[in-house]
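Okay, thanks for having me, everyone. Let me put the model up, and then we'll walk through it one piece at a time.

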Amino acid sequence: MTYTLILLRHGQSEWNEKNLFTGWYDVSLTEKGRAEATRGGQLLTEAGLVPAVLHTSLLKRAIITANLALESADLSWIPVKRNWRLNERHYGALQGKDKAATLAEYGEEQFMEWRRSYDTPPPALNDDSEFSQINDPRYADLGDAAPRTECLKDVLDRMLPYWENEIKPDLVASKTVLVTAHGNSLRALVKHLDGISDEDIASLNIPTGIPLVYELNEDFTPVTRGGQYLDADAAADAIKAVANQGR
Ligand SMILES: Cc1ccc(S(=O)(=O)Nc2cc3c(c(O)c2O)C(=O)c2ccccc2C3=O)cc1
């Protein structure tokens, strides 16, 4: 008996295209990102995968990606659960900045430390910033506990309760679950599933729009560490491109 967990990172967003730290700032998809999402749904159909339930973040780039993928797979009807715990990492004061502005303001040494770090967050975002969501009604239940910045460890700590209390029960009940989320919230989940070290997780990148499928044992350990991309060649090319971008 195994469960099927499908992870799908949202397609290219408007701020991905501009190479801006996005975090909790709610931007939509580019036309390329919409096409990636639609292709993701086609890959599900070609693989014969039929998720019984969808989990997304509260950010429209993940929500719209899921809608387009499910429409493409003729599965728009499946039940959906949305939660802030699947949101992208909050990038704090870096939200809205590009690489050059970040380097100029904080310097190369600090930039590289943040980039490699698992547990060092960027400076907090001021509540009066135009890029703050502190008064956004979708986070009203969080109140003052709403994050103003996060490190990847923070993301794992707030995502795990959702994995335990919402996603795992759906895997047991329905066997096949689709999670459409973000680069860092999915990296946190993959770190947990595959037992990746705090050091090694910095180099893991999950490509956009290509479903990553994990067959899980009854104890939720992966049958195959790392899962399987439904388009392995496209995933390898995308991972290589990101690695070269960062150099
Ligand atoms: C908006 C943006 C700036 C820099 C890059 S990068 O090509 O330098 N690669 C890069 C950079 C970073 C990061 C990253 O993963 C990355 O690929 C980070 O994870 C990160 C986390 C907390 C603070 C800063 C960073 C960070 O600068 C990519 C995108």
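So, Ala66 sits in helix 3; helices here are DSSP runs of H or I with at least four residues, strands are E runs of at least two, and both are numbered from the N terminus. Before I go on: this is a predicted model, where local features need pLDDT of at least 70 and side-chain atom pairs count only at pLDDT 80 or more, while totals for chains, interfaces and linings use all residues. Residues are numbered from 1 along each chain as its sequence is written, and side-chain values use heavy atoms, with hydrogens and water left out.

Back to Ala66: is Ala66 buried or exposed? Buried, because its relative accessible area is 0%, and buried means under 20%, exposed over 50%, partly exposed in between, using a 1.4 Å probe and protein chains only. What does Ala66 touch, leaving aside its neighbours within four places in sequence? Leu54, Thr56 and Thr180, where contact means heavy atoms within 4.5 Å.

Six strands make an open sheet with mixed pairing, in the order 3-2-4-1-5-6; two strands pair if DSSP finds at least two bridges between them. At the edges are strand 3 (80-82) and strand 6 (228-229), each pairing on one side only. Helix 3 (residues 60-72) packs on this sheet and touches strand 1 (3-9), strand 2, strand 3 and strand 4. The direction of helix 3 makes about 135° with that of strand 4; axes are lines fitted to C-alpha atoms, for helices over the stretch in contact, and angles run from 0 to 180 degrees between N-to-C directions.

Strand 2 (residues 53-56) and strand 4 (residues 176-181) run parallel, joined by four bridges. Thr56 has Thr180 as its bridge partner in strand 4, and Leu54 stands opposite Leu178 there. On to strand 3: three bridges join it to strand 2, again running parallel, and Leu54's bridge partner in strand 3 is Val80.

Most residues other than glycine have a negative phi. Asp74, in the loop between helix 3 and strand 3, has a positive phi near 60°. Asp74 counts as exposed because its relative accessible area is 64%. Lys175, in the loop between helix 5 (152-174) and strand 4, has a positive phi too, near 75°. Lys175 is partly exposed, at 32%.
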